Amino acid sequence: MTDTSRPDHDLRAAKTRLKNEQRALTLRRFMANRLAVCGLGLTVVICLLAFLGPLLTPHGPLDINPIDRLQPPSAEHWMGTDNFGRDIYVRVLHGTRASLLIGFSVALLSSLIGVAIGLYSAYFKLLDHVLMRITDGLMAFPAILLAISVIAVFGPTTRNVILTLVVVYTPLIARVVRSNALVVKEQPYIESLRALGSSRTRIIWRHIFPNTVSSLIVQASFVFAVAIITEAMLSFLGVGIPAPHPSLGNILYDGKNVITSAWWMTVFPGAMIIGVVLGQNILGDGLRDFLDPHTNKAVSKR
Amino acid sequence: MSHATSPDTPRASAPEPLLRAVEVRQHFPVRRGFFKPTAYVKAVNGVSFEIAEGETFGLVGESGCGKSTLGRTLLRLVEPTDGACFYRGENIFEKSPSEFARFRRELQMVFQDPYSSLNPKMRVGDILEEAMKIHGIGTRRTRTDRVIELLETVGLSSEHYFRFPHEFSGGQRQRIGLARALSLSPKVVICDETVSALDVSIQAQVLNLMKRIRREFDLSYLFISHDLGVVKYISDRIGVMYLGNLVEVATAEELFESPKHPYTQALISALPKTNPRTKKERIKLTGEVPSPLSPPSGCCFHTRCPHATEICRTTVPASRTISDTHKVACHLYEGRA
């Protein structure tokens, strides 16, 4: 017993050392990637602002104050007030919070479903035909139109918005995962696993999946951004987050009628959408450079 | 060691060889068009040979002759079209997938490309333990011990356990591939062009390692290569493949001393000589290898054979026994057994 424990101990020490070394290297490589760092920074700042920012003022997002309607930005209302006298600053941040929640849920859920669809359709040919035709059908359908009709039927709630967007964006993820899995599947190390007698489930989840993760993360970060834009569009059209609750889209809608007299109602939520989406896109680009350096070269040449 | 002359001979008094392939065929369907009938690429077209315990059987042939496909077929990485393969007397081609799992532990493979045959996202230790995990061998600790032992056997050390494949050179990766095949303590290892991707000095190291491992682990190799020199160095017996057929089988010495089949003769005459003064006629083959989609009738080699006669065009030559250890599929040796 004591005989085996010593090399075991040495091994564990070596493992910790190597892991730390590799972690430090990875961190340094990430920090050297200016795009990814900027994108991550912007996203983190916006997240902090969305969740902690509202605590800085006494106003609530639904507090109506008709006397102070359409005030320009001031020390009291940092981004002015809207046509009901509600504080735009608080409403924008609450809207951002909702947007982030929706973007994150959509990215997460469509990744989960998309990964399963992509991996299995890459591995089983017959299933591939069926799933990819369904995917083609979904991609041919305009996202907004589908979302509007679903919400018109099932009612405008945050949950319905999320579910619809998941349906719309899952194909994007499934496609990317599938195309990567198809490449990985033909690699000799997958064949070597079959020679070892590995089960399909093990090959798919333990060996093919990790090799598709990098492109999955990149794609998911874009879905995150696109879902936020789509949600804003839906709310602007009145089929997103229901009215009194703030969302970047419906603040813009409220501001539309007074755009000539109260510019702050349009500029601040608009700027916030730009900020969130820009941060996500930059982060996605940076992550792609960071995670798979090979595709990056091909893309940047275009 | 004796050779069954015909695949149909019932098990003779001679001991059953460790691995015996009988008339193995691997045909891949090719859809050429909607109205045309499906064609078949006859990658392996009726190959029979046997490997005795502790023996290295070399398989040579030019690229595209079906030698790699044969190796993959024997392990059922592609399902065989026809034929049988007996391992210790049991036909492994007829086993159901679950029954076959037992044989996987005995029959292993080392792959050609050292760069893509290891999962780039996994640490070497995990790659090597994977096989044992799949077959549920040992506990975590015993597996780790075994892997470190294996790493040392193939000339690496325990500090390589947590490294990723990209941190190794080609030769080191082939050593890892070898260790992976050994992790299940197999009896037969199929080496598919194992050293072809390595440069010559590393080739020698890996070949010597393989020889040592064969002794230590009491293994048999099916050594597939296009490199005659490498095959001569490591093999006890050699089979020569041409267009999906095994045209000649002999001991390594016999094959190089007195090649019988015209194709083997041409191959060996193409080897560079160590003494430049020796005059030896170079047999030049003309033409191209015919397409395996429509192999020539009769002897598959007759289109390029300098000695081809009428019978070669019409009749497929059977495998003839020249001596106890030498078999050739050629009409030239008719009645000269």
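Colleague: How much helix and how much strand does the chain have over residues 96–284 of chain A?

Modeller: Helices (H or I, at least four residues) and strands (E, at least two) are taken as DSSP runs and numbered from the N terminus. Over residues 96–284 of chain A the chain is 83% helix and 0% strand, with the end C-alpha atoms 19 Å apart. An unreviewed UniProt entry gives this stretch as "domain: ABC transmembrane type-1"; UniProt positions are given in the numbering used here, feature names are shortened, and annotations may be inferred rather than shown by experiment. This is a predicted model, in which local features need pLDDT of at least 70 and side-chain atom pairs count only at pLDDT 80 or more, while totals for chains, interfaces and linings use all residues. Residues are numbered from 1 along each chain as its sequence is written, chains are lettered from A and ligands numbered from 1 in the order in which they are written, and side-chain values use heavy atoms, with hydrogens and water left out.

Colleague: How many helices and strands does chain A have, and where does UniProt place the feature "transmembrane region"?

Modeller: Chain A has 12 helices and 0 strands, and its C-alpha atoms fill a box of roughly 80 × 50 × 45 Å along the principal axes. The unreviewed UniProt entry places "transmembrane region" at residues 35–56, 100–122, 134–154, 160–177, 216–241 and 261–279 of chain A. Residues 35–56 of chain A are 82% helix and 0% strand, with end C-alpha atoms 30 Å apart, and residues 160–177 of chain A are 100% helix and 0% strand, with end C-alpha atoms 25 Å apart.

Colleague: What is the order of the open sheet of 4 strands in chain B, and what is its pairing?

Modeller: The general idea is that strands of a sheet pair through backbone hydrogen bonds, either parallel or antiparallel. Two strands are taken to pair if DSSP finds at least two bridges between them. In chain B the open sheet of 4 strands has the order 2-1-4-5, with antiparallel pairing. Its edge strands are strand 2 (39–51) and strand 5 (90–91) of chain B, each of which pairs on one side only. Strand 1 (residues 19–30) of chain B pairs with strand 2 of chain B over 10 bridges in the antiparallel sense, and Ala21(B) stands opposite Phe49(B) in strand 2 of chain B. Strand 1 of chain B also pairs with strand 4 (residues 82–87) of chain B, again antiparallel, over 5 bridges, where Arg25(B) stands opposite Asp82(B) in strand 4 of chain B.

Colleague: How many bridges join strand 4 of chain B to strand 5 of chain B, and which residue in the turn has a positive phi?

Modeller: Strand 4 and strand 5 of chain B run antiparallel and are joined by 2 bridges, and the bridge partner of Tyr87(B) is Glu90(B) in strand 5 of chain B. These two strands form a hairpin with 2 residues between them, and Arg88(B) in the turn has a positive phi of about 50°. Another hairpin in chain B, also with 2 residues between its strands, is formed by strand 11 and strand 12; strand 11 (residues 320–323) and strand 12 (residues 326–328) of chain B pair in the antiparallel sense over 3 bridges.

Colleague: How many salt bridges does a search of the whole structure find, and what is the count between chain B and chain A?

Modeller: Side chains of opposite charge can pair when their charged atoms come close. Here a salt bridge is a side-chain nitrogen of Lys or Arg within 4 Å of a carboxyl oxygen of Asp or Glu. The search finds 23 salt bridges over all chains, and the count between chain B and chain A is 3. The side chains of Arg202(A) and Glu130(B) meet in a salt bridge (2.7 Å, N to O). Within chain A, the side chains of Arg288(A) and Asp285(A) also meet in a salt bridge (2.7 Å, N to O); both residues lie in helix 11 (residues 264–291) of chain A, 3 residues apart, about one turn of the helix.

Colleague: What is the area buried between chain B and chain A, and which residues in chain B lose the most area to chain A?

Modeller: Buried area is the accessible area (1.4 Å probe) that two parts lose on being put together, summed over both. Between chain B and chain A about 2600 Å² is buried, of which carbon and sulfur atoms give 56%. In chain B, Ile134(B), Arg141(B) and Phe162(B) lose the most area to chain A, together 23% of what that side buries. The contact (heavy atoms within 4.5 Å) takes 31 residues from chain B and 26 residues from chain A.
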